[in-house]
Amino acid sequence: MPKEQNGRAELEPLIRAIATDVHFWIPLLVLLAGLVLLHELR
Amino acid sequence: MDAITVAAVGSPMQAGRLRRLQALGVFCGVAAGAWLGGAEAPIKMVNSDVSPITISLIMVFGVFLARWSVPALLRGTSHVRHDVRQAPHLVIWAVLAGCMWAVANTLTIYAIRNVGLSIAFPLWNTNSLLGIFWGFLLFNELHYAGWKRWVGVLGGATGMFSGAALLALASSNQAAPGKAMLGVVAALGAGILWGTMYIPYRKAYLTGMNPLSFVTFFTAGELVTMTALAVGYRGAGPLWRELMSARALLFWLMLGGFVWVIGDLFQQYAAKYVGISRGIPLSNTNQLWGLLWGILVFHELEGGSHRIYAEVIGGSILTALGAVAIALSSATEREHSSWQDAAEREGQRYGIEGGYVRAGMEGREYEAGPSRRTWVDWVLIVGASGVFVVLAGVARVPRMEIHLGWAAAVTAAMLALLVSCGTVLWRTTRFK
């Protein structure tokens, strides 16, 4: 398998694992809420 | 099951090793408090002509330099590459945590401006209570801990929260101006961001990543977010002019950032070895150290009323007792085995080798990687030192009354903690 395809094959399950991990979404949502709050406070 | 804990990620972990790591984590939490609190000292030497956002940005520059050069000095950057190869997904969490830190830090500026330090500080200090919650909910911390340890951790954190409230009340002479509700929301927002930021911390250390590697990527998220916020809020032109006009102060602010990094590194090791439910409240003793600098070195609270001194003494005792209660509530072998369950879950999800995860939990080296420093490391070390030397050359010592004797004494205490804790950390884990 070419190197590029091999890299993609390794990356896809990693991205899927991150996207379905609640440990990723909780901090990300809190960060976005913090940015909105900061915008409102300006 | 008395002598050993059966590790879900592989073979058993020695009970003696577990006790040593727990004691080490507590020691790191105490050292973190001293250095995080000490970071306030150089910042106190900067007058209020510089805007808070710019102060925060310059500090983050200092943090950035320290976070790339200190790990290079301690272990070399080749270890960072080794860690990333083992657990590449954690880079995303490290950057995410850095972004959260920058937003939280900016929110505290608004909080102090609107409600004053006395109200804002205890509100954002709730981050340790949130850290306990996330630790319990997501990473099996305090599972099978028994009611005594629950009382120790929750009671200790509550005691520290009350102590922080008293100390902040005493150390603040600002009256709360208008927009109080906005200030309260900003302070709570900062607390929620910081408390949630410990999810990436715990995730990384449960998986086996070295704190020195984690902070390297953390700081990239921190610097990019802080620069974007500063440019967005001040405008590139005005920000540059402010930086140029404040160049005599850059050294002190960046030194504050450097000192903060030492404290943060100890905090990361505390989070790794005693978990976020204990490590974070312990490092929140930074307020005690900040107050120590303020009262003894910078003559703050001089001529204060009896009520203020009573608040300081009461708050300090409450904070110290809270820290002692948490330090005495370290994880049992049974609780630690449930941490290992969480570690195994992480390993399976991201396809990480069990040996790497287990070695990280035990503070041991996994596959002896390259131990020699490369030219990249020396460029980082010399470059960062050079920036500090140049800035020190143009720095101006502010005209203010400083008690040099006490400054030397408190610095000596911090250095003693740095050397003793650093030595124990090296002997026990080789900074793993």
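In the predicted model, B:Gly33, B:Ala34, B:Leu36, B:Gly37 and B:Gly38 of H1(B) meet B:Asn286, B:Gln287, B:Leu288, B:Trp289, B:Gly290 and B:Trp293 of H14(B), contact being defined by C-beta atoms, placed from the backbone, that lie within 7 Å. Of the residues in this contact, 5 are nonpolar, 6 polar and none charged; Ala, Val, Leu, Ile, Met, Phe, Trp, Tyr, Cys and Pro count as nonpolar, Asp, Glu, Lys and Arg as charged, and the others, Gly among them, as polar. Local features need pLDDT of at least 70 and side-chain atom pairs count only at pLDDT 80 or more, while totals for chains, interfaces and linings use all residues. Residues are numbered from 1 along each chain as its sequence is written, and chains are lettered from A and ligands numbered from 1 in the order in which they are written.

**Packing of H14(B)**
- Helix H1 (residues 15–38) of chain B packs on H14(B) at about 45°, with the axes 7 Å apart; axes are lines fitted to C-alpha atoms, for helices over the stretch in contact, and angles run from 0 to 180 degrees between N-to-C directions.
- H1(B) and H14(B) are therefore oblique to each other (under 35 degrees is roughly parallel, over 145 roughly antiparallel, 65 to 115 roughly perpendicular, the rest oblique).
- Helix H14 (residues 286–297) and helix H19 (residues 404–429) of chain B pack at about 160°, their axes 9 Å apart, and are therefore roughly antiparallel.
- From H14(B), B:Leu292, B:Trp293, B:Leu296 and B:Val297 make the contact with B:Trp406, B:Ala407 and B:Val410 of H19(B).
- That contact of H14(B) with H19(B) comprises 7 nonpolar residues, with no polar and no charged ones.

**Interface with chain A**
- In chain B, 26 residues are in contact with 16 residues of chain A.
- Helices H5 (90–115), H9 (180–207) and H16 (333–350) of chain B each give two or more residues to this side, and H9(B) supplies the largest share, 11 residues.
- The side of chain B that touches chain A divides into 20 nonpolar, 4 polar and 2 charged residues.

**Overall form of chain B**
- Chain B has 19 helices and 2 strands, which are DSSP runs numbered from the N terminus (helices: H or I, at least four residues; strands: E, at least two).
- The C-alpha atoms of chain B fill a box of roughly 60 × 50 × 40 Å along the principal axes.
- Just after H10(B), B:Gly235 takes a positive phi of about 90°.

Terms used
Contact = placed C-beta atoms within 7 Å.
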